[in-house]
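Here are my notes on the model, as numbered points. Please read them with the structure open.

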Amino acid sequence: MKPMSIAGLLLVIAGIVALAVGRFSYTTEEKVLELGPIVATADKEHTVRIPDIAGIIAVVAGLGLVIVGRRRA
């Protein structure tokens, strides 16, 4: 496979995953209180929503790269 086809295939897979999952979460640790050597922290969860249009664009662009990559073979 050509590098362009591989990149297109990866984009298609990433787009399908983005459409299926829709969002992902991660946790950060933040300082709440700091009194000398005593530090109080709290875990804060952040959620990032992946727009559906981003997944669709990734799939369409990936398919385009796969088609162009195969035509140049």
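1. Glu-34 is partly exposed, at 49% relative accessible area, while Lys-31 is exposed, at 59%. Buried stands for under 20% relative accessible area, exposed for over 50%, and partly exposed for what lies in between (1.4 Å probe, protein chains only). Glu-34 and Lys-31 form a salt bridge, with 3.5 Å between the closest N and O atoms. A search of the whole structure finds one salt bridge (a side-chain nitrogen of Lys or Arg within 4 Å of a carboxyl oxygen of Asp or Glu).

2. This is a predicted model, in which local features need pLDDT of at least 70 and side-chain atom pairs count only at pLDDT 80 or more, while totals for chains, interfaces and linings use all residues. Residues are numbered from 1 along each chain as its sequence is written, and side-chain values use heavy atoms, leaving out hydrogens and water.

3. Helix α2 covers residues 52–71; helices are DSSP runs (H or I, at least four residues), numbered from the N terminus.

4. Which residues of α2 are buried? They are Gly-55, Ala-58, Val-59, Gly-62, Val-66 and Gly-69. Viewed down the helix axis, the buried residues of α2 fall within an arc of 100° (directions from the axis to the C-beta atoms), so they line one face.

5. On the other side of α2, Ile-53, Ile-57, Val-60 and Arg-71 are exposed. Val-60 has 54% relative accessibility.

Methods. Helix = DSSP H or I, 4+ residues; strand = E, 2+ residues; numbered from the N terminus.
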